[in-house]
Amino acid sequence: MMTDACKVLMIFPLFNANSFWNYKEACDLAGARYPAAPLGLVTVAAMLPQHWQIRLVNRNTEDLTDADLDWADMVMTGGMLPQRNDALHIIAQCHARGKPVVVGGPDVTSSPPLYSAANFQVLGEAEEIMDDFVAAWRSGARQGVFEAPMGKTDVTKSPLPRFDLLKLDQYLHVGVQFSRGCPFSCEFCDIIELYGRVPRTKTNEQVMAELDALYALGYRGHVDFVDDNLIGNKKALKKFLPDLKHWQEEKKFPFEFSTEASINLADDADLLRSLADTNFFAVFVGIESPDTDSLVLMQKKQNTRRSLQQSIETIHKAGIFVNAGFIVGFDSEKGSVAAGMIECIEDTSIPVCMVGLLYALPTTQLTRRLLAEGRLFSGSEQTQSGDQCTAGLNFETKRPRRDVLNDYRTVLKTIYDPVAYFGRVRRLGRMLGRKRSHRMIKGDLRSFMRLVLRIHRAGPGTTGAFWRMMLDCALHNPKALPYVVMTSALYLHLGPFARQVVSEIDGEIENVDTGHWQAPPMLKPVPAALVPA
């Protein structure tokens, strides 16, 4: 039987509410509903036959109705690990209404057995296997597994995403992608397992076409390059940036860019200058730990043999502010790490720090090692309650678990105290070498007024710390004002969120102290050579 027409309902699952990344209050200030748009789904949508009808429902921004499901011939869903609970719920909901479900994305790729209820699994990168899926569907198949080789997909074949399916005003930022993969081999990271260690880049023309499409749809403002490591292929990036700068100049700089990169970005003055000239304003950097032994154990040697403070200051002075990731719970921690981590965060003047508990993700070197050592808890892979901030340590720690938890809560409580947080924002404001003024877009002034009226909600002491910082920035570096305002808005989420996590960790510590916490059973040890990569 040949099926030439199809109604496809794409459903983006809810992220667990208990997450560092949901920034709900900051979204509300800007009149948005969620930080980031679902780039993966709208890219897959572009791989389907043009005459198929496609609708997108993002469960983070809108309700999924029975009418939506009744309309569809097929449902496509999937995403990341913090979306697992809702993705499984969607699969069950679709089956209850007799709708076949296709699931894809990094979580099903890492843990296919957990998604066995789905009719179809699309594992790995979709570009080179979606044609096979479509052919199977058209021939009448209603179940199957389609798998791409890891890290091999030619991204120059990736189509222009269907940005037209998005309600662009619902998001703080929209994503585009230049490259996939990362050249490093961090033990705890699944990026290199899913997308490889050889960064593959799109053509300049591809990315320009994506920006043209967003511009034509009327979008202006924040665009995030979602690359695993934007500078993973420096040669390609340096060829791309002049074209991007020319495009920005031609369009009078409609976009401000953010991205993720490794700390060695600080070593290349020309590249930093090019990024700033192109209007990159923020970069997420995985610092993980200030302890050299921990960095060596996790195979993050690019962070060693350098002054983290000097590296971050160099990036700040180039006009790009740093957000950073830190992790507590590495085997190499010989004693309390709280004081050293707090000192590092304060010395580098990084306001927004995602501090998490170490979590062994399914397809990582860390998980394979812990399995071989018989230290990985069983059952932890089934459900997810949040992210690294609220769900971590799914293994037997080398240090006493209580000590690890206590270090973690000490770091969070200290760095998200309002005086400490806005002190770092103040120092960032003085350092930030913005050459280009922020492009005012509709709603900026309204968002600022909302922030002024709501800043007290973030907790005692916040209002005074905020205004002292604002005055300091206005006097010493007024070009940085839009960016310290942006960072202040995030505190409406981060301050209360940190206190909530601290309260949860206090409960975990109490359970350890009273004997109510017992280690789950361990998974049976498996020699590292026999654990699937």
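Mentor: Let us begin with the terms: helices (at least four residues) and strands (at least two) are DSSP runs, numbered from the N terminus. Please keep in mind that this is a predicted model.

Trainee: Okay, how many helices and strands does the chain come to?
Mentor: The secondary structure of the chain comes to 19 helices and 15 strands.

Trainee: What share of the residues is buried?
Mentor: Buried residues make up 58% of the 533 in the chain, and in general, nonpolar side chains of soluble globular proteins tend to be buried together.

Trainee: Which residues have the most contacts inside the largest nonpolar core?
Mentor: They are M10, M76, F225, V355 and Y416, in a core that has 147 residues. Helix 19, residues 481-514, provides the largest share of this core, with 14 residues. Apart from it lies another core of 19 residues, including V75, A87, I91 and V101.

Trainee: What does V355 touch?
Mentor: Leaving aside residues up to four places away in sequence, V355 touches F326, V328, M341, I345, C389, Y408, V411, L412 and I415.

Trainee: Switching to charge, how many positive and negative side chains are there?
Mentor: The chain has 59 positive and 61 negative side chains, and the centres of these two sets lie 4 Å apart.

Conventions: Residues numbered from 1 in each chain as written. Predicted model: local features only at pLDDT ≥ 70, side-chain atom pairs only at ≥ 80, totals over all residues. Heavy atoms only, no water. Buried < 20%, exposed > 50% of the residue type's maximum accessible area, 1.4 Å probe, protein only. Lys, Arg positive; Asp, Glu negative; His and termini not counted. Charge placed at Lys NZ, Arg CZ, Asp CG, Glu CD. Core = buried A, V, L, I, M, F, W, Y, C linked by side-chain atoms within 4.5 Å. Contact = heavy atoms within 4.5 Å.
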